[in-house]
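Please look at the sequence and the structure below before reading on.

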Protein chains: 2
Amino acid sequence: MRNSNRQWILRKRPVGDIKPGDLELVESPIPVPGPGQFLARTVYLSLDPTNRIWMSDIEQYMPPVGLGDVMRGGTLSVVEQSNNPDFKPGDIVSGISGWQEYDVMSGGQKMPKGPAPLPAYMSVLGMTGATAYFGLLDIGKPQLGETVVVSAAAGAVGSIVGQIAKLKGCRVVGIAGSDEKCRHVVEDFGFDACINYKKENIRDALKRECPGGIDVDFENVGGEIFEAILENINMKARIVLCGMISGYNAEGQIRGPANFSMILMKRARIEGFIIIDYFPRLGEFFAEMGAWVAQGKVKYDTHIVKGMDNALSALNLLFTGGNTGKLLVQASEEP
Amino acid sequence: MRNSNRQWILRKRPVGDIKPGDLELVESPIPVPGPGQFLARTVYLSLDPTNRIWMSDIEQYMPPVGLGDVMRGGTLSVVEQSNNPDFKPGDIVSGISGWQEYDVMSGGQKMPKGPAPLPAYMSVLGMTGATAYFGLLDIGKPQLGETVVVSAAAGAVGSIVGQIAKLKGCRVVGIAGSDEKCRHVVEDFGFDACINYKKENIRDALKRECPGGIDVDFENVGGEIFEAILENINMKARIVLCGMISGYNAEGQIRGPANFSMILMKRARIEGFIIIDYFPRLGEFFAEMGAWVAQGKVKYDTHIVKGMDNALSALNLLFTGGNTGKLLVQASEEP
């Protein structure tokens with residue numbers, strides 16, 4: 001064990017794509033826990049599209065990460081030393097330690113050992129799965145026989161959204177960026193169809209795969225893909241606005257779709273949604289999703305990149321479509 | 001009585017502003033009712049922003065008006081001759097006879113005589129009032145003490161929305177295009193404040209007049225005014241998308257706001273809404289609004305232009321802000 005804590009510091013707010021120098025990897029001494037605190041060693045760091053939002057200073061749902069601060073990120077850590085009787089060495093703790101190898105914490109959510117592999121708590125049984133679950137069911141409200149479209153279908157959230165929609169008796173059409181991802185989405189996750197938007201005219205393909213129109217759109221992407229979906233929505237369609245990754249590297253705010261008037265004409269509903277609002281209801285999610293995962297009804301992928309020093313290059317995979325499933329950095333070995 | 005029926009025929013789909021030659025005023029013989037039909041003389045024709053949508057062929061909520069057809073419009077007519085035992089000469093009938101002085105009809109909604117002046121049935125007690133009522137209450141769901149913003153506040157719908165919001169205990173801030181309209185909205189309709197968007201920076205003025213942020217936006221205008229509103233919305237804000245008149249004379253579809261990402265960040269809800277979906281519930285509206293009007297709790301304006309030949313120039317008032325309150329063409333005398 002090196003006696004240093006590697007940390008990614010936000011130095012500049014990226015303009016457009018993240019550039020060298022926007023974040024800097026620094027080494028500092030491993031911190032020492034004070035009274036009531038414990039030292040947590042990061043095992044897994046979650047990389048999510050929203051990380052790019054936190055780097056910017058556009059209006060957002062949490063304060064942006066401060067310049068000079070450690071980059072924010074969800075983590076699963078193991079307790080190494082503790083001055084807190086509630087946390088013992090070896091305990092697994094979920095928190096927001098950020099992009100660093102060690103953190104001093106005063107509390108956190110202890111995770112059970114055993115029922116599922118640790119990466120599951122960072123994906124299907126973590127915020128990713130909860131985002132899919134509440135976004136689709138509570139906002140999208142899919143009904144038996146309806147057609148649900150999921151963009152970024154091979155992604156961490158999208159792949160789970162599609163599987164839940166299938167469990168609810170919907171026709172599910174995914175959109176992804178390669179034939180291999182589409183094959184995976186249909187064969188392994190059970191979507192009814194998947195459109196490779198890099199190969200096909202997305203508007204034509206949506207008309208073909210959604211002959212009855214689109215009732216629910218779980219929107220992860222925004223931009224032209226969202227416009228093509230809007231063109232095909234049914235009356236009273238519901239659009240779960242979970243993310244708009246296509247716009248995150250753009251400068252400034254994210255534009256609405258060019259065919260926004262479809263919302264009026266089709267009396268559709270767009271609703272923005274961020275998982276933190278559902279924290280009081282996580283119990284519902286753990287109960288139902290835990291059972292689905294245990295029964296093999298919901299599957300999940302993890303894409304694990306090793307080493308905290310690779311966090312920044314790994315994050316970029318989200319914007320280039322280089323990952324399939326939940327993207328994690330493994331910063332150290334599981335206990 | 002001239003023995004001719006003046007009719008406005010849609011000849012070309014307007015590109016941008018409506019131009020001479022897009023619609024043509026023609027004279028044809030007064031039609032003769034067949035078996036089961038009656039001849040209806042138009043008394044009032046409703047002019048509404050949505051008329052401009054019907055002239056275009058963008059994706060919309062009813063079929064566009066066909067080229068060569070009489071322009072569509074809501075009407076209040078008097079029965080002149082009848083071969084239908086349910087409709088007697090002198091009866092007042094609400095329908096969609098369009099931009100013409102006479103129509104042959106087979107049915108329609110008979111209106112009561114007496115309780116309110118006829119123009120009220122084309123405004124506060126008609127589709128205009130119902131749009132304000134269901135849009136605000138059913139979609140906007142304003143709560144006691146919340147702040148409601150209404151664009152086109154001096155307009156037919158906006159002026160009623162604001163009065164209902166006041167009855168529900170909200171702070172109500174209007175946006176209109178002249179000091180005179182703003183004075184009218186505050187002094188006569190009881191809004192708490194009104195912003196003249198032609199004189200003030202709308203973003204700054206909204207911050208001043210909505211110090212607690214905006215909870216409900218009843219959106220009639222779209223464009224830059226909508227963007228300024230979005231910039232000031234609160235968490236879980238509701239945007240009742242009733243219309244986007246600022247975009248109706250633009251070519252093609254209507255763009256979404258430049259700061260669309262606010263919907264995500266504030267977990268807001270945008271919901272499109274068209275009154276025809278509420279036809280099954282009109283009884284609720286008539287009961288409650290009828291009482292409010294009778295008690296003087298809700299006031300209304302009508303702006304009446306005489307002569308069917310003036311329908312097209314009158315319609316333009318909606319786009320230049322030349323009217324205050326419900327815009328009607330009076331095509332013939334009340335019976």
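Two strands are said to pair if DSSP finds at least two bridges between them, and both strands (E, at least two residues) and helices (H or I, at least four residues) are DSSP runs numbered from the N terminus. With these terms, one can say that in strand 5 of chain B the bridge partner of Thr75(B) is Gly95(B). The model is a predicted one, in which local features need pLDDT of at least 70 and side-chain atom pairs count only at pLDDT 80 or more, while totals for chains, interfaces and linings use all residues. Residues are numbered from 1 along each chain as its sequence is written, and chains are lettered from A and ligands numbered from 1 in the order in which they are written.

**Strands 3, 4 and 5 of chain B**

Strand 4 of chain B pairs with strand 5 (residues 92-95) of chain B in the antiparallel sense, over four bridges. Strand 4 (residues 75-82) of chain B also pairs in the antiparallel sense with strand 3 (residues 38-46) of chain B, here over seven bridges, and in that pairing Arg41(B) stands opposite Val78(B).

**The sheet that runs through both chains**

An open sheet of 12 strands has the order 10(A)-9(A)-8(A)-11(A)-12(A)-13(A)-13(B)-12(B)-11(B)-8(B)-9(B)-10(B), and its pairing is mixed. Strand 10 (193-196) of chain A and strand 10 (193-196) of chain B stand at the edges, each with a single partner strand, so one side of each is left without a neighbour in the sheet. From one strand to the next, the twist averages 15°, where angles run from 0 to 180 degrees between N-to-C directions and axes are lines fitted to C-alpha atoms, for helices over the stretch in contact. In a regular strand the side chains alternate between the two faces of the sheet.

Where do the two chains join in this sheet? Strand 13 of chain A and strand 13 (residues 269-272) of chain B pair in the antiparallel sense over three bridges, and Ile270(A) stands opposite Ile270(B).

Helix 6 of chain A lies across strand 9 and strand 10 of chain A, running at about 170° to strand 10 of chain A. In chain B, helix 5 (residues 179-187) packs on the sheet and touches strand 9 (171-176) and strand 10 of chain B, and its direction makes about 170° with that of strand 10 of chain B.

**The contact between the chains**

Two residues are in contact if their C-beta atoms, placed from the backbone, lie within 7 Å. By this rule, 29 residues of chain A are in contact with 29 residues of chain B. Helix 8 (261-265) and strand 13 (269-272) of chain A each supply at least two residues of the side of chain A that touches chain B, and helix 8 of chain A gives the most, with five residues. By class, this side of chain A has 16 nonpolar, six polar and seven charged residues, where Ala, Val, Leu, Ile, Met, Phe, Trp, Tyr, Cys and Pro count as nonpolar, Asp, Glu, Lys and Arg as charged, and the others, Gly among them, as polar.

**Helices that pack on each other**

| Helix pair | Angle | Distance between axes |
|---|---|---|
| Helix 6 and helix 7 of chain A | about 40° | 9 Å |
| Helix 6 and helix 7 of chain B | about 40° | 9 Å |
| Helix 3 and helix 4 of chain A | about 45° | 8 Å |

Angles under 35 degrees count as roughly parallel, over 145 as roughly antiparallel, 65 to 115 as roughly perpendicular and the rest as oblique. Helix 6 and helix 7 of chain A are therefore oblique to each other, and their contact is made by Ile202(A), Arg203(A) and Leu206(A) of helix 6 and Ile225(A), Ala228(A) and Ile229(A) of helix 7. By class, that contact has five nonpolar, no polar and one charged residues.

Helix 3 and helix 4 of chain A are likewise oblique to each other. Among the residues that meet there are Leu136(A) and Leu137(A) in helix 3 of chain A and Ile160(A) and Ile164(A) in helix 4 of chain A, and by class this contact has 10 nonpolar, three polar and no charged residues.
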